Amino acid sequence: MKRYLHLLRLKHAITLIAILCTHISRSQTDFMDYLPQHLSHLDTYTWDKVQRGVLIRYRHDPPFPSEAVDIIAKNCMFIQLQSNLTQSSREDFTIPYPNRIYRFAYKNLTKHYEGKDAIFTNVPEWFMHNAGGSPNIYLDPTYPYYNLRNDSTEYSGKNLQEWWISEMHTEIDYQVPGNALFVDALTDAIRIGQGVSRGGYDYWGNEIGEDPYYDNSYTEDYLKPLLASIRDEFADKMIITGNLLKPWFLPDGNYSYVKDYAHCNYIENFERYGDSYIKHLNTGIELYKTISEDGKMTFFNMSIEKPTPAPTLTIEEMRTKASDAMPEFYSSLPNQTEKDDLAELYAYFEFRLAIFLLGANEYSYMAYQSTPVADDAGKDLFRTIPPFPEFKYPLGEPLGAAVRNGDIWTREFKHASVWLDAANGLAKIDWELKSLGVASLNLEDHQLKVVPNVINQDTYEVIIQGVPLDQKDIKLFNLNGQVISQNFSYVNTYTGADGRKYNRWKLFGFQNRLSKGIYILKSGHLNTYLIVK
C-alpha cells in the first residue's frame, strides 16, 4: 500500500511538473498575441484626451436609464458592469455604443459569492474553515472562501479548479458576453497561502498557509496552475483582466502575475498610506511603467483620498478649487452636501491624474470615482463620472517615457507637461495650450480673434476682433458648452485686410476670475478660443 501511494504521489508530481512547464512556456509566448483581435472592434486608440473607464452598477440590478447609458458611454471607453445584467440591459449599451470595451464576466479567486448554495452544502471540502476544521466554516461575513489546495474532492465530476473554469465558461457563453473577463482577489489568495488571512484551515483541520512568505506550495502548486488554466482556456476568447499589481507585495509587487497571466491589469488600492507611502508610490510608478512597456492594457481606478505627504486642504479651499474649475456645474448642484462631495472629489485629482499619465500607454484607461453605485452618484452621475475640465483638455501623444530623478517624476506629452513630487504629495500638469491651433479645437473660422488669446488668471479684459457689424450677440463658453460670460462692450470699427469693416469688442470684468483652461468665444456662426494659463 505504501509503495502504491508513493507511486501515486510520484505520478502526480510528474504530471504537475509537465503542466507547469507547459504553463510557463505559454505565459511567455503566445497569449498576448490575442489582444489585438479583442480590440479590433474599437476605433484606433487616441491620445486626443485622457481615456476614461468606469465601474458602475445599480442596486438590485434594474435596467440602466437611457440618460445614464449615454453619460457612461459618451465619457468612457472601458465600461465594467455587473455580470448578472440581463441580455436587454447589456444591449442597451452594446447596440448604440458598439465601439467600447465591456466587461460583464467576473469571478473571484477566493470568495464564493453564490453564498450558501448547493455547492456550499454538497462540497464543504472546497472551502476554508476555522481552527478545528469541519463544521467550523469560515464566513466573511456570509460568503464562504475557497481552499484552492483541495484539488481532489469532486462534485458532478469536477474538482474545484475545473468547476471554477466551467463557471467562467457559463458567464462568457452568455448571448452578449462583452469583451473582457475579470479575475478578482489575487492578493487575498496569496495571503491565504501565507497563512495570514481568512481562517486558514482546511476541512480536516490542517493549516493551509505556510512559510516561506511567498513562493509557497499554495501559490506555486495550486494558485498559479489555476491562473495558467484560466489564461490558456480564455486568452483567445476574452481580454483577461485581473486585480493584480500591488507595489508593496514581495518579491516584485505581483509583476510576474501581470506578465504571465493577464492581458490587462486592473489597478486599485495602488497607494499605501502611512510611513512607507513614498517608497511604495515610487515602486508602483516604476512597475506601472514596466507593464505598459510590456504592452499590457491598464484600467487604473484611482483613489480620491489625500496622499499621505500632501498638504491638507481645508473644505473652504476645496470648495474654491472646485467652483473655479467647474463654476456652472458646481452652482447647479442642489445642496451644500453635493457641492462638498464634488469639492472633495476634485481636491487631489491633479495628483492622481499625474500618476496615471506617468505610465499611460496605448489602451490605458483612468477611472476616478467615489462610488460605483449609480443610485448614489448624484446629478449626471458626477460621483462616478466626474465632469472635470481636465478630461476634455487636448493631451497629445507622449514624447517619451516618464523620467525619475529621486522622488521627482516628469513626462512630456504633445500638449501637456507632467510633474510629480512623490515626497511631498504634489503634482502639476501644465497644459501647453499655446501650441494648439484653431483647427485642433475644431473651430469654424479664423476671422474672429481674441487679443491676446493666451492670458493669465489675473487678466481683467481682452479685445475681440473680426466681429461683423451686424453682430452684437457675443458669448464666452467653457468646453462643456456652458455660458461663462456675456460682459462685452463695443470699442470701435476698423477696416480689415480684406477691405471690409469690422467691429472690435471688449470682454471685461470676469466674475470670480476665469479658471485655467480653454474657452470658446462665439459671435453668431463664428468661433475662436481663449486660453487661461
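Among contacts in the protein between residues at least 6 apart in sequence, 68% join residues at least 24 apart, a contact being defined by heavy atoms within 4.5 Å. The model is a predicted one, in which local features need pLDDT of at least 70 and side-chain atom pairs count only at pLDDT 80 or more, whereas totals for chains, interfaces and linings use all residues. Residues are numbered from 1 along each chain as its sequence is written, and side-chain values use heavy atoms, with hydrogens and water left out.

The protein has 14 helices and 21 strands, which are DSSP runs numbered from the N terminus (helices H or I, at least four residues; strands E, at least two). Of the 533 residues, 51% are buried, where buried stands for under 20% relative accessible area, exposed for over 50% and partly exposed for values in between, with a 1.4 Å probe and protein chains only.

Two packed helices are described by the angle between their axes and the distance between the axes. In the case of helix α10 (residues 277–293) and helix α14 (residues 349–359), the axes come within 8 Å and cross at roughly 40 degrees; the axes are lines fitted to C-alpha atoms, for helices over the stretch in contact, and angles run from 0 to 180 degrees between N-to-C directions. α10 and α14 are therefore oblique to each other, given that angles under 35 degrees count as roughly parallel, over 145 as roughly antiparallel, 65 to 115 as roughly perpendicular and the rest as oblique. On the side of α10 the contact is made by Tyr 277, Leu 281, Ile 285, Tyr 288, Lys 289 and Ser 292, and on the side of α14 by Phe 351, Ile 355, Phe 356, Leu 358 and Gly 359. By class, this contact of α10 with α14 has 8 nonpolar, 2 polar and 1 charged residues, with Ala, Val, Leu, Ile, Met, Phe, Trp, Tyr, Cys and Pro taken as nonpolar, Asp, Glu, Lys and Arg as charged, and the others, Gly among them, as polar.

On a 1 Å grid over the protein atoms alone, a cavity is a set of points where a 1.4 Å probe fits but cannot get out, a pocket is an open set with protein on both sides within 12 Å along at least five of seven lines, and lining residues have an atom within 4 Å of a point. Grid points are joined across faces, edges and corners, and a volume is the space filled by probe spheres set on the points. The largest pocket has a volume of about 1,100 Å³ and is lined by 38 residues, of which Leu 55, Arg 57, Arg 103, Tyr 106 and Asp 184 lie nearest its centre. At least two lining residues of this pocket are supplied by each of β3 (101–108), α6 (160–172), β4 (180–184) and β7 (297–302), and the largest share, 4 residues, comes from β3. The lining of the largest pocket has 13 nonpolar, 13 polar and 12 charged residues.

The count of cavities of 30 Å³ or more comes to 2. The largest cavity holds about 60 Å³ of space and is lined by Val 183, Leu 227, Ile 230, Ile 240, Thr 241, Gly 242, Leu 244, Tyr 261 and Ala 262; this lining divides into 7 nonpolar, 2 polar and no charged residues. Helix α8 and strand β5 (239–243) each supply at least two of the lining residues, with the largest share, 3 residues, coming from β5. In the second largest cavity, about 40 Å³ of space is lined by Tyr 45, Thr 46, Trp 47, Lys 49, Val 50, Gln 51, Phe 356, Leu 357, Ala 360 and Leu 395, of which 7 are nonpolar, 2 polar and 1 charged. Glu 220 and Gly 193 are 27 residues apart in sequence and 9.5 Å apart in space, C-alpha to C-alpha.

Several backbone features lie in loops. The peptide bond from Ser 134 to Pro 135 is cis, with omega near 5 degrees, and Pro 135 is found in the loop between α5 (118–122) and α6. A cis peptide bond also joins Leu 250 and Pro 251, with omega about 0 degrees, Pro 251 being placed in the loop between β5 and α9 (255–261). Ala 185, a residue other than glycine, has a positive phi near 75 degrees; Ala 185 is found in the loop between β4 and α7 (186–194) and counts as buried at 10% relative accessibility. For Tyr 363 phi is likewise positive, near 65 degrees, and this residue, in the loop between α14 and β8 (364–368), is buried with a relative accessible area of 17%.
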